[in-house]
Structure formats: C-alpha cells, structure tokens
Number of protein chains: 2
Amino acid sequence: MNGHYELLYHQVRQTGVKEAEWRPFEQGTRLLQAAPGERIIEAGQQVRNAYFCTTGLFRLYYTLADGREYNVVFTVAPDFATAYAAVITGEPAAYSIESMEHSTVIEIPSLVLQSLMDCCRGWERYVRRSLERLYIRKEERERELLYLTAKERYDVFHLKYPGLAARIPQYHIASYLGISPVSLSRLLRQEGH
Amino acid sequence: MNGHYELLYHQVRQTGVKEAEWRPFEQGTRLLQAAPGERIIEAGQQVRNAYFCTTGLFRLYYTLADGREYNVVFTVAPDFATAYAAVITGEPAAYSIESMEHSTVIEIPSLVLQSLMDCCRGWERYVRRSLERLYIRKEERERELLYLTAKERYDVFHLKYPGLAARIPQYHIASYLGISPVSLSRLLRQEGH
C-alpha cells in the first residue's frame, strides 16, 4: 500500500471497514500533489471530489465583496480538506481551498464516497464520525468569535494549531482571527513577541 | 403509535430502519411538554438527551458576558432541537435551548441514540443525514454573517422561516440578525413595514 494511504486505512479499519471494503477505495481514488498557492476547490465551482490531506497544509477561505480573503479554517495533515456541504448538496462551493505548502491529498470522487457509504457500514460510520468532528469545530469557532477577544483568539489559535504560526505568513493568521495585520502586529508587540 | 412519533417513524423508515428496530426507540424515549420560556438544555450543564421537536418552536441562544442573549438558530417543528456537539463530546452545553410556545419534544437519551446507531444501519444513516443538514445550515449561517447586510439577513430570515416573524417578539429576530432592536425597527420603517 502506498504510504499516503496508511493512516486513513488504519482509521477506517477502526470503524469496521473490512479488508475487501478497503480495496474499492484504493482503486477509486488517486493521489494528487498540490504546490503552494494551488487550489483544490474553487469558490463558485461544482465540487466533485472530497480530499483527504496526507502531507502539508491548506487554508479554507471566503473571498469578500471587497476582495479581502477571510480564512475560516486551516487543515493540517492528516485531515480532510474538503467542502463537504458542496459535496452533499451539489451546489457550487462557497469558499476556496488552497495549498500553503507542498501538499499531498487523496482525491475521493463524491460518487465513490457515496457508493462506499451505501455498501459498507464501516464507511458510513467513518464518514459520520468525521462529520461530527467537522460540526464540533464549527460550533467551537462560532463561540470563539462570539466570546473571545482578539488576544484570546490568538492564544486559542496556538493551542489548536501548535507550531503553525511558524509555517504561515502573519497576515493569514490575522485573517483567521478576523483582525487586520496591523492590529495583529500591535497585539504581538504588546505581548513582547 | 402516538401521533407525535409518526413523522419521525416515516423519516427513519426511509433511511432503512426496520420495524423491529423502531420499537426500542419508542420504548427508550418519552414525550415531554415544554411551556413557553422553559429550557430543555441549559448552558453550562451536561447534556444527556437529544430532542426532536414535534410541535411548537425553540430558540438556541448564547448568553454573552454582558448578559445579552444571542439567538443562533430557531427550531420550528418538526426538527431536532438539540445540542448535538455536547451530546457527542460529553462537555457541558455552550448554549441554552428554550421553548417559545407550548411545544412537544421526543426526549432521546444519548445512550439510546448511541445503541440504536451501533445496532442498526438505518439509524446510523438517519443520524448521519440529520447531521449533514445541521452542518449545511451552520455553513449557510456563517456565510450570511460574512456577506449579507442586516437588510439582506432579514430577507433571508423570512425565506428560511416563513411565518415565524408573526410568532415571536421582534427583539428575538433582532438578536438573531445580530443587530439591536432599535436598528431593526429603523430597518422596518425604511421598508415601510
């Protein structure tokens, strides 16, 4: 088995996917490389694949009316980097997903994902649990934006994404925190960074 | 079968729940009445049940540091009115869920829900699909707050919750839109309401 598939293999085995139910996944999907700045999902376009990121890093972002970009989430491997809502509904994606490093993803056609869920209990369970994680994170983020100051959101960012601050430009962190790069610099000066 | 169970029964039959797999649900759950102002979920407390609202209306809201309340979503029967993330994680609820009318819910103990998902494919599928709907709505709401003006959010509120404006006080709509009651009154005057 290609090394990029190993982690996912172990995860789905734990939710009850049998050896024979794994093979159609390996056969129906492929590995893709994404260079820094390359987008695997483009806002406004149909989404026909889900992506599981095995190495590297992605950001999911909205482009606002004035052209500014707003980072909603970072995906650090290994994890899904995918517009799941668009995969389910068939609507165009509302946000883009862009690689921030030399990244590798497993590209999973929606039809393959759907047929695995239909055929195999273990796959359905795996998707349900992954979806629960996505949902919990959405709620967490909603609360952070409601309750926390910029400074507190910055601290939570470090807890949630250990080491990430060193891998990405500061303005991408500012965009995630919902503040301007200037405000973030000021905040860091006050902190003595 | 009690009439309050009928809709849910038809829904889960469609995701493949068998007659024999329905019985433990009916036996393991109970009907509750919730008067206006009554809370079925209390922020800060453990959540041991999921709730399916069969008649009436609920609001999910955060209480901010200054005591203001922020309505994140309204649940109009028939639909789930539940802190699903807290049910999964076992963490205390981050928000409260309050009845706004004389409402009826099916109270589903987390353990019953868990064992139904473990035993029965159809139940797992039903929960997965319900979760997808919750997730899609969270994304929609995220976009509304990012992209839309207060006026546009008000229009979307009417589309999403037809007839609801006549059933609840205006300040609850303002709280959902993320504006003050005064701003909402001004907006409605401009509209000629």
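I take a polar contact to be a pair of N or O atoms within 3.5 Å, where within protein one atom must be able to donate a hydrogen and the other to accept it, and where residues adjacent in sequence count only if both atoms are side-chain atoms. I am working on a predicted model, in which local features need pLDDT of at least 70 and side-chain atom pairs count only at pLDDT 80 or more, while totals for chains, interfaces and linings use all residues. Residues are numbered from 1 along each chain as its sequence is written, chains are lettered from A in the order in which they are written, and side-chain values use heavy atoms, with hydrogens and water left out.

**Entry: the two domains of chain A**

I looked up the division of chain A and found domain 1 (3–129) and domain 2 (148–193), with bounds that come from an automatic or database domain assignment. The C-alpha centres of these two domains of chain A lie 26 Å apart. Their contact (heavy atoms within 4.5 Å) takes twelve residues from domain 1 of chain A and nine residues from domain 2 of chain A.

I then looked up the buried area, which is the accessible area (1.4 Å probe) that two parts lose on being put together, summed over both. For domain 1 and domain 2 of chain A this is about 930 Å², 58% of it on carbon and sulfur atoms.

Across this interface in chain A I find five residue pairs in polar contact, both residues at pLDDT 80 or more. On the side of domain 1 of chain A that touches domain 2 of chain A, the largest share, seven residues, comes from strand 5 of chain A; strands (E, at least two residues) and helices (H or I, at least four) are DSSP runs numbered from the N terminus.

The rule also finds one salt bridge between the domains of chain A, meaning a side-chain nitrogen of Lys or Arg within 4 Å of a carboxyl oxygen of Asp or Glu. The side chains of Arg167(A) and Glu101(A) meet in a salt bridge at 2.8 Å, N to O.

**Entry: chain B against chain A**

I looked up the contact between the chains, and it takes 32 residues from chain B and 32 residues from chain A. Chain B and chain A bury about 3300 Å² between them, with 59% of it on carbon and sulfur atoms.

Across this interface I find ten salt bridges and 22 residue pairs in polar contact, both residues at pLDDT 80 or more. Helix 5 of chain B gives the most to the side of chain B that touches chain A, with 16 residues.

I also noted a salt bridge in which the side chains of Arg125(B) and Glu124(A) meet at 2.8 Å, N to O.
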